Amino acid sequence: MDKIDKQILAILQEDATTPVAEIAEKVNLSSTPCWRRIQKMEEDGVIVRRVALLDAGKLNVGVTVFVLIKTNQHNATWYEQFSNTVKMIPEVVEFYRMSGNIDYLLRVVVPNIAAYDAVYQKLTQSNALFDVNASFAMEQIKHTTALPLGYAGLD
């Protein structure tokens, strides 16, 4: 990955609908080599997919809840059941297995506390959880889907 690839990725992370001709102009390439670079990064899995980012407030899911979960179950059967449960809840938009004192972290988006309670009920009804702690975000100070590109190509 070279400097031009990183420039292309920066442009695509900002707006994936940017026409190839415009990207090419910004990185001082002609359209065909620029298109080939984008295709190669897609083939190599660097570009995973292109999506539309939506306004959570306009879709009535402007409340963000971070859910910290502890369990005393650490076996494959429990994990599979829990993972399947979480994946079936559309309000859960991020799901991580953690190190440290917390076993799992979920980011949940809902319209209000009552909607979060419904998510909580789904989580706790089908899984043995030791502790569930929820924190409601008061203000979003920084949010980006853009990954830092300074490390790309370094091993």
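The questions below go from the whole chain to single residues.

Colleague: How many helices and strands does the protein chain have, and in what pattern along the sequence?

Modeller: This is a predicted model. The secondary structure amounts to five helices and four strands. Taken in sequence order, the pattern of the protein chain is α-α-α-β-α-β-β-α-β.

Colleague: Is the chain a compact globule or more spread out?

Modeller: For 155 residues the globule rule gives 15 Å, and the radius of gyration of the protein chain is 20 Å, well over that value, so the chain is more spread out than a compact globule. The C-alpha trace spans about 55 × 35 × 25 Å along its principal axes. The answer is therefore: more spread out.

Colleague: What percentage of the residues count as buried?

Modeller: A residue counts as buried when its relative accessible area is under 20%. The accessible surface of the protein chain is about 10,800 Å², and carbon and sulfur atoms hold 52% of it. Of the 155 residues, the part that counts as buried is 25%.

Colleague: Which residues does Val108 contact, leaving aside neighbours within four places in sequence?

Modeller: Val108 is one of the residues with the most contacts inside the largest core. A contact here means heavy atoms within 4.5 Å. Once neighbours within four places are left aside, the partners of Val108 are Val63, Thr64, Val65, Val67, Glu91, Val92, Tyr116 and Val119.

Colleague: How far is Leu129 from Val63, C-alpha to C-alpha?

Modeller: Leu129 lies in the loop between helix 5 and strand 4 (131-136). Not counting residues up to four places away in sequence, Leu129 touches Ile69, Lys70, Trp78, Phe82, Leu123 and Thr124. Leu129 and Val63 are 66 residues apart along the chain, and their C-alpha atoms are separated by 24 Å.

Colleague: Is Asn28 buried or exposed?

Modeller: Asn28 sits in the loop between helix 2 (20-26) and helix 3 (31-43). Its phi is positive, about 60°, although Asn28 is not a glycine. A residue is exposed when its relative accessible area is over 50%. Since the relative accessibility of Asn28 is 70%, this residue counts as exposed.

Colleague: In which loop is Asn60 placed?

Modeller: Most residues other than glycine have a negative phi. Asn60 has a positive phi, near 60°, and is a residue other than glycine. Its place is the loop between helix 3 and strand 1.

Colleague: What is the C-alpha distance between Gln73 and Ile102?

Modeller: Gln73 is in the loop between strand 1 and helix 4. With a relative accessible area of 28%, Gln73 is partly exposed. Gln73 touches Trp78 and Ala128, not counting residues up to four places away in sequence. Gln73 and Ile102 are 29 residues apart in sequence, and their C-alpha distance is 13 Å.

Definitions and conventions
Residues numbered from 1 in each chain as written. Predicted model: local features only at pLDDT ≥ 70, side-chain atom pairs only at ≥ 80, totals over all residues. Heavy atoms only, no water. Helix = DSSP H or I, 4+ residues; strand = E, 2+ residues; numbered from the N terminus. Rg over C-alpha atoms; globule rule 2.2 N^0.38 Å. Buried < 20%, exposed > 50% of the residue type's maximum accessible area, 1.4 Å probe, protein only. Areas by Shrake-Rupley, 256 points an atom, 1.4 Å probe, with all protein chains shown as cover. Core = buried A, V, L, I, M, F, W, Y, C linked by side-chain atoms within 4.5 Å.
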